[in-house]
Amino acid sequence: MQTNSTDWRYTVMPAVFTWLKETETGALEIDLVATQKYAADILRVEGKAGTRMGGLVGSGTLGENSYLSAEQRLSLLSALSEVAKEFNVPLISGAAAETKEALATIVKELATVGVDTVMVMPPKTQEAPSDDEMYAYYALAADAAREAGVTIMPYNNPDAAGYHALSTDILRKLAALPEVTALKISTTDVSVIETLMLENKDAKILAGVDTVTVHAGLAGACGGITGVGCIFPKASVTMQEYVSDGNWAEANKISQAMNSISYLDAQPLLLEYLKFAFGIHHNDEQGGLRTLGKKLTAAQIDDVRARYQLAKERLEALGLAE
């Protein structure tokens, strides 16, 4: 299968959920078959102009990933690699570590199971590293990526994730590394994107928060990574089509229609919220509530259900609810 994109960075890509199932003992384990199926279903969906998602993001650094063993994670990514190959799209995954040496090891491990680009979070340390230490952390990851034949994507997420922020100065220097294929900016402050684009019009920046997809595009982002797009892929792909064409009015209609649920993508429990909404969408609420992370309260469940329903009704009016 082929996508309609000549460069995956100019598309939107789904950060797919890891589906879980209960064993006979009641423990949770990864349902590889279901995870593959849902990922493939998302990649099949076309926007109004006929394009599809241009990449597949699995096992990111937020949510349940931190609860998986290295063996589980590599098994999951190996399964998702099969889907990515079927659709001829790159497989993207995340990495974070306390030290640059540990990070370099993770990058090489991910390459062995078919990951093409590694989203690299800042180091998981209590104290914020100096700019020199931060650059060295990413530079060693770039060296490891080159040796393994993959690329990296520095990932700035200082809001919902709570990781150390990457300064615009560091982001500018990292963008110049040959192994850096793009920067992922997950913040509602899109002025960061605008500043970087003013200094380097050739920079490739992916937006990582669904609430600001249109605004990030206006600021210069060429594509994005979406959570809400796993639930409403036709809407997400169509919105990116409009953003890419500079049709801001039509793109904004879709953004407004998804507003109630996109809000969840900018919250600390985004994985748990959006996974449950995904379960509702596929008539599998119980599956959507299976998580290795935080358990949702009754109030949170009711809130997500209401936000999902409102977004669905608005998107149905636009013919984009599938």
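How many cavities of 30 Å³ or more does a search of the whole structure find? I ran it and got three. A cavity here is a set of points on a 1 Å grid over the protein atoms alone where a 1.4 Å probe fits but cannot get out. Volume is the space filled by probe spheres set on the points, which are joined across faces, edges and corners.

I note that this is a predicted model: local features need pLDDT of at least 70, side-chain atom pairs count only at pLDDT 80 or more, and totals for chains, interfaces and linings use all residues. Residues are numbered from 1 along each chain as its sequence is written, and side-chain values use heavy atoms, with hydrogens and water left out.

**Largest cavity.** I read a volume of about 70 Å³. Lining residues (an atom within 4 Å of a point) include Val12, Asp210, Ile225 and Met239. Helices (H or I, at least four residues) and strands (E, at least two) are DSSP runs, numbered from the N terminus.

**Second largest cavity.** I read about 50 Å³. Among its lining residues are Ala216, Cys222 and Val243. Helix H7 (213-219) gives the most, with three residues.

**Helix pair.** I then checked H11 (residues 270-281) against H13 (residues 298-318). Their axes, lines fitted to C-alpha atoms over the stretch in contact, come within 10 Å and cross at roughly 60°. In contact (heavy atoms within 4.5 Å), H11 brings residues including Tyr273 and Phe276, and H13 brings residues including Val304 and Tyr308.

Conventions. Axes are lines fitted to C-alpha atoms, for helices over the stretch in contact, and angles run from 0 to 180 degrees between N-to-C directions. On a 1 Å grid over the protein atoms alone, a cavity is a set of points where a 1.4 Å probe fits but cannot get out, and a pocket is an open set with protein on both sides within 12 Å along at least five of seven lines; lining residues have an atom within 4 Å of a point.
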